[in-house]
Number of protein chains: 2
Amino acid sequence: MSSINRQVRLAARPSGLPRATDWEVTSEEVPVPGSGEFTVAISHVSADPAMRGWMSDRPSYIPPVEIGAVMRAGAIGVVTASEHPGFAAGDHVYGMFGVQEHALSDGRGVMKIDTSMAAPPTYLGALGMTGLTAYFALLDTGKAKAGDTVVVSGAAGAVGSVAGQIAKIKGCRVIGIAGGPEKCRVVVEEFGFDACIDYRAGNVRRALREHAPGGVDLYFDNVGGEILDDVLTCLARGARVVICGAISQYNETTVRGPANYMMLLVMRASMTGMLIFDYADQYPQALAEMAGWYADGRLVSREQIVHGTVADFPGVLLMLFDGANTGKLVLALDGA
Amino acid sequence: MSSINRQVRLAARPSGLPRATDWEVTSEEVPVPGSGEFTVAISHVSADPAMRGWMSDRPSYIPPVEIGAVMRAGAIGVVTASEHPGFAAGDHVYGMFGVQEHALSDGRGVMKIDTSMAAPPTYLGALGMTGLTAYFALLDTGKAKAGDTVVVSGAAGAVGSVAGQIAKIKGCRVIGIAGGPEKCRVVVEEFGFDACIDYRAGNVRRALREHAPGGVDLYFDNVGGEILDDVLTCLARGARVVICGAISQYNETTVRGPANYMMLLVMRASMTGMLIFDYADQYPQALAEMAGWYADGRLVSREQIVHGTVADFPGVLLMLFDGANTGKLVLALDGA
């Protein structure tokens with residue numbers, strides 16, 4: 001094991017789309033755990049749309065990453081040395097370890113993972129924060145119930161693909177929205193949605209009316225922008241719109257608000273935001289339920305794994321914003 | 001009594017702000033009630049922001065007023081002749097009688113009013129649909145509870161002024177937003193709000209942070225536009241935004257959507273639309289409660305009454321859109 005820990009630190013706050021120069025790669029000695037601490041050799045780093053928000057100093061649900069700090073990221077790794085009673089060398093763990101090769105942890109927010117049930121990247125996908133976000137946004141915030149017509153945007157993406165599958169398991173009719181015929185094929189054939197609308201092919205609103213003639217009971221929004229406005233015109237009475245993300249807007253300097261928001265009044269509908277951190281005390285039961293679906297083959301986790309070094313992180317993150325990924329995007333660190 | 005019934009009929013669908021030429025005044029014989037019908041001599045016509053929406057043929061919660069049809073309006077009047085078992089000549093009634101001097105009704109949606117308790121215009125204000133809208137939007141949709149910090153836009157207007165008063169009665173801290181120092185004075189001194197922000201005086205966002213340092217638990221929105229965006233930046237965690245109207249946008253050809261809607265995610269907040277018609281079966285109990293507050297002097301109904309003829313209706317309606325009214329705007333028909 002190298003004694004050098006390479007790290008990706010935030011160098012500048014981007015305006016618009018981030019550039020590679022917004023981070024810098026630095027090196028330091030691999031830390032040595034003190035009492036109550038352990039070190040982790042990181043094997044897989046999560047790439048998430050929310051990271052774009054963490055780079056900005058606008059008011060948000062957590063403080064931004066400080067300039068000069070290691071870029072915040074969920075990651076998977078193996079405990080290499082431990083002075084912590086709850087973790088031992090060799091344990092596979094998930095935590096907010098950051099974009100670096102080695103992390104020092106006191107165990108807060110760290111979960112052990114069972115690599116005999118699923119490969120490590122799956123714990124960044126369907127059996128990780130991604131899956132938990134889909135689970136609680138759909139079932140708690142969105143109150144999905146059997147018979148609902150559910151529309152999911154970003155349907156080929158990490159959260160959307162899991163949300164649609166859970167909706168199917170719960171007896172909903174599920175229509176995805178994704179970009180391009182290949183993604184739409186995956187959404188229907190691999191993730192089992194009832195239909196998928198290719199927003200690049202044209203009139204989303206007309207396609208929605210065709211696929212959801214009785215209106216949309218629940219819209220799970222990951223994208224914002226024009227697609228949100230289109231879905232707002234197709235709501236059923238009493239519909240719920242769950243705001244889980246707005247990837248189309250994260251790099252815009254001027255956000256496009258939903259001009260059709262008065263359809264909430266017309267349809268007596270609601271639009272509600274959710275944050276996964278509020279559900280921390282319910283993670284275990286949700287993960288147990290999802291692990292059961294995964295073991296039964298009812299829940300598919302698809303990860304798109306890019307092999308590289310921490311220096312490749314900026315390029316991997318940008319894949320999220322040009323629609324290049326399907327499923328959960330993961331940077332696998334070579335040699336880990 | 002004249003045997004001629006003058007009526008205001010929709011002549012054109014406006015683009016932007018309506019003009020007087022969007023209606024025409026016509027005359028016909030006063031109708032004679034058939035079996036199960038009665039006629040009403042109308043004394044007071046309600047002027048409501050929602051009327052602007054009824055003139056457009058965009059999808060909405062009720063069909064638009066047809067070109068050539070009598071303009072839809074709530075109104076108060078006296079039964080003049082009746083072949084209906086439930087109504088007798090001399091009864092004071094409220095109904096969707098339209099902008100005309102005489103209406104023929106089969107009794108559907110008509111309520112008798114008690115003019116010994118309050119003057120007829122009050123039944124278009126706090127003790128009518130206006131008050132009911134405030135009541136259910138605040139208490140049912142908004143779930144106002146003691147201790148909440150409540151912000152009401154259009155606070156000097158018909159619905160806003162009642163909403164704020166009910167919030168005070170329920171033990172909330174209530175901050176109004178209105179246009180100009182005189183309206184703000186009325187909001188605080190007559191309607192009893194704890195404070196009122198004059199949006200014409202400048203920085204609404206800064207004023208909100210000052211008056212609601214702990215954040216806004218419930219925002220009762222009647223205006224939309226920039227003020228909605230300002231309030232979204234000041235929400236407390238778990239806040240509820242009730243969409244009751246969007247008067248700033250009704251005459252815009254391009255609606256401004258709330259660009260700060262992602263604060264719903266940051267604050268785990270919701271935005272919900274409401275329509276009073278859904279509560280029809282609960283009107284009696286709500287009106288009884290509001291009548292009690294009115295009798296006790298805890299609920300003030302302020303009406304701004306313009307005397308004229310049905311031909312004055314267009315000018316009265318336009319007063320709503322240039323901020324000329326305080327309280328409930330009513331057209332009182334001369335000679336009625």
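Strand E13 of chain A and strand E13 (residues 270-273) of chain B run antiparallel and are joined by 3 bridges, where two strands count as paired if DSSP finds at least two bridges between them, and where helices (H or I, at least four residues) and strands (E, at least two) are DSSP runs numbered from the N terminus. Within this pairing, A:Thr272 has B:Ser270 of E13(B) as its bridge partner. The model is a predicted one, in which local features need pLDDT of at least 70 and side-chain atom pairs count only at pLDDT 80 or more, whereas totals for chains, interfaces and linings use all residues. Residues are numbered from 1 along each chain as its sequence is written, while chains are lettered from A and ligands numbered from 1 in the order in which they are written.

The pairing of the two E13 strands belongs to an open sheet of 12 strands with mixed pairing, in the order E10(A)-E9(A)-E8(A)-E11(A)-E12(A)-E13(A)-E13(B)-E12(B)-E11(B)-E8(B)-E9(B)-E10(B). Strand E10 (195-198) of chain A and strand E10 (195-198) of chain B stand at the edges, and each has a single partner strand, so one side of each is left without a neighbour in the sheet. In chain B, strand E9 (residues 173-178) pairs with E10(B) in the parallel sense over 4 bridges, and B:Gly176 stands opposite B:Cys196 in E10(B).

The contact between the chains takes 24 residues from chain A and 24 residues from chain B, two residues being in contact if their C-beta atoms, placed from the backbone, lie within 7 Å. On the side of chain A that touches chain B, the largest share, 4 residues, comes from E13(A).
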